[in-house]
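This report looks at charged side chains and their partners. The sequence and structure are shown below.

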Amino acid sequence: MARNKEALVLLLDVGPSMHGVLQEVKNICSTLVHKKLVYNRSDEVGIVLFGTKETCNELAKELGGYKHVTVAHDIKVVDEGTSQALQNLPAGSVPGDFLDAIVVGLDMVIRKFGNTKGKRRLCLITSAQHPLRDPPEGTKEDQVDTIADQMKRHDIKMECIVFREPGVHHNAVMEENDRLLYQFRNRSVAKVVQVDSPTSLLGALKTRNVLPVTVFRGDLEVSSNFKIKVWVYKKTAEEKFPTLKKYSDKAPPSDKFASHEVKVDYEYKSVVEPDKVVPPDQRIKGYLYGPQVVPISSAEWEAVKFKPEKGVKLLGFTDTSSILRHLFMKDVCLFIPEPGNTKATLAVSAIARAMHQMNKVAIVRCVWRQGQGNVSIGVLTPNISSANNVQDSFYFNVLPFAEDIREFQFRSFSSLPSSSQPTEEQQEAADNLVKMLDLAPPGREVLKPEFTPNPMLERFYSYLDLKAKQPDANVPALERCLRRITEPDPDVINQQLPLTQNLGKAFELKENPKKKKARTQDRLAYTAGDQAKSVAEPSAEKDGVLGVLYPPIENIGQIRDLNPVQDFEAMLAKRSSSTWVQKAIEEMQKYTTALLENSREGDNYEKALECFAALRKACIIEQEPEEFNQFLTKAYERLKGDVANFFQLLSSKNISLISKEEAPDSDVTEEMARSFYLKQEAACQ
């Protein structure tokens, strides 16, 4: 067998105790086959069912016994037939004997491959609730030892998934079956996993094997005279969607050798000579610096690159409490001592146990590869092993630099007036909701991370298989088990319905319709009397959230030269009529335009810059991005010749159009906002 090729035999219990989860068994095994068709098309899979009314296997024909065990699919390269056999799983009528099924599956592998080298695996899915038949000779424990010896001799591993619902009462038969399965594990030929829900069953089977590849092999440098040989592996990594390739249907259907591959070629042409293709040696990258594009050649870029030396250096130790969990970045890595190196094993174990006792973590500087362009600063957390045959190790998490941290300041309820703070009744209703939806209640964890599959990936592989059979098929509805991952458990919601109803009663819930925005020319005009009245009236919401965003200084009806930004914020906080915000924005636009028009040698630039920044911030908060974008565009078109330096100042301060990322109502993309001044200059030229 090839190095990466695997032979797998699925041993599936279809007896009466498994009828409630047969659909989930089909789904998990089908997903495994779908992934093999994508990633490991040369893998071979066989299917053995036990608990069936019939008996169909080679051992029963040759030796007798092994009743109610059926070979549904011989060990073959995965294909459409494998998937079809899984979809046609029968509901068995008799209790199954998992030891007989293991022997039949083991016999299939040995008959197929003999003593050749390769990866072979059995996967047993059962409830293990029914008594096993007594062997002709010896005890059941002796039979397990004999099977384990055969598995070791042929280098065959087994994965056992035991499904039992939470309400099932454990009896002597189950305890004996568990003991036999764990005996396989103690002989180092099997891994045993117990799950208690259909959702956990979906994630219990490893549907894709990923080869362990080291990220780093080298020294953990404690000092110049003390270095420990370590290997670093990825402990967790995000599972990506398979790469989708472009497909061309231009080849005739009769052409069996057509690859349908799409190749994309790019041509670069000069703006001055549109018909001339620019060769690669005449192209150079440019980087934005304010309104300018600075060309930097590849040789210059290589010269300024930071090229650290490969290695992992210990910087020091700190208390565990000083490293916050939410600061961890990227994937988790595992530091282990170099295999076979006794001194490295002792050194890692001694440091890890000392750190554990002193409640410390280590800060390290990592460069995984020679010539790597970046340096990682991370934290090593000790991982103390409780098993004698497993070494102590470290978990590694990347820590952020100062530029990577995002500080978001949110005001607490205590800063709001008493009318905006929750009452005791409201707080109690919210607390009860959190307790009701607890995913880890005492004695049981609902969504275990190690057994919770990615619902997007599960749906993708299922739909990919469906589209292969039915090209015009629509996306099917979300399955029950996947809905349990993405939505609240309906059983919990129905049982605790009074709590959710109390939450609705405790809070005054109102519909918040989206305000229809009127065009500027359609808005109501202000009269002098309205202005005087609005100046005299106190702000109705000055003590609320709006007062926090725009703290009112005093009742202001116009923007004055002394403190224009404060006057503007006071007008926004006032809101004595439905169009007061629009009036404040228009007044600020007029004042800012007058500043620029009356500026001499840039004497008003700083004040105008503050006004632009305040106006932009207000338009984002008030969901009026178009007001600012139109104002900036018109001001630039009209005044760019007179105050060009001012717009360069705006560009350097990153005061540009408001993009969709900042305000959903905006029609401007982030790229359009970033290149606004460049495009305006290009249009002028």
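A residue counts as buried when its relative accessible area is under 20%, as exposed when that area is over 50%, and as partly exposed in between. The model discussed here is predicted.

**A buried arginine**

Is Arg-616 buried or exposed? Its relative accessibility is 13%, so Arg-616 counts as buried. This arginine belongs to helix H19, which covers residues 605–621. Leaving aside residues up to four places away in sequence, Arg-616 touches Phe-628, Ile-655, Ser-656, Leu-657, Ile-658 and Glu-662. With one of these residues, Ser-656, there is a close pair of atoms to look at: a polar atom of the Arg-616 side chain lies 2.8 Å from the backbone oxygen of Ser-656.

**Salt bridges**

Side chains of opposite charge can pair when their charged atoms come close. In this structure there are 32 salt bridges.

| Glu-487 | Arg-483 | 4.0 Å |

Where do Glu-670 and Arg-674 lie? Both are in helix H22 (residues 670–674), four residues apart, which is about one turn of the helix. Glu-670 has a relative accessible area of 41%, so it is partly exposed. Arg-674, at 49%, is partly exposed too.

Elsewhere, salt bridges that share partners form one network, which joins Glu-6, Lys-36, Asp-43, Arg-121 and Glu-159.

For the pair of Glu-487 and Arg-483, the closest N and O atoms are 4.0 Å apart. How does each partner count in terms of accessibility? Glu-487 is partly exposed, with 39% relative accessibility. Arg-483 is also partly exposed, its relative accessible area being 33%.

Definitions and conventions:
Residues are numbered from 1 along each chain as its sequence is written. This is a predicted model: local features need pLDDT of at least 70, side-chain atom pairs count only at pLDDT 80 or more; totals for chains, interfaces and linings use all residues. Side-chain values use heavy atoms; hydrogens and water are left out. A salt bridge is a side-chain nitrogen of Lys or Arg within 4 Å of a carboxyl oxygen of Asp or Glu. Buried means under 20% relative accessible area, exposed over 50%, partly exposed in between (1.4 Å probe, protein chains only). Helices (H or I, at least four residues) and strands (E, at least two) are DSSP runs, numbered from the N terminus. A polar contact is a pair of N or O atoms within 3.5 Å; within protein, one must be able to donate a hydrogen and the other to accept it, and residues adjacent in sequence count only if both atoms are side-chain atoms. Contact means heavy atoms within 4.5 Å.
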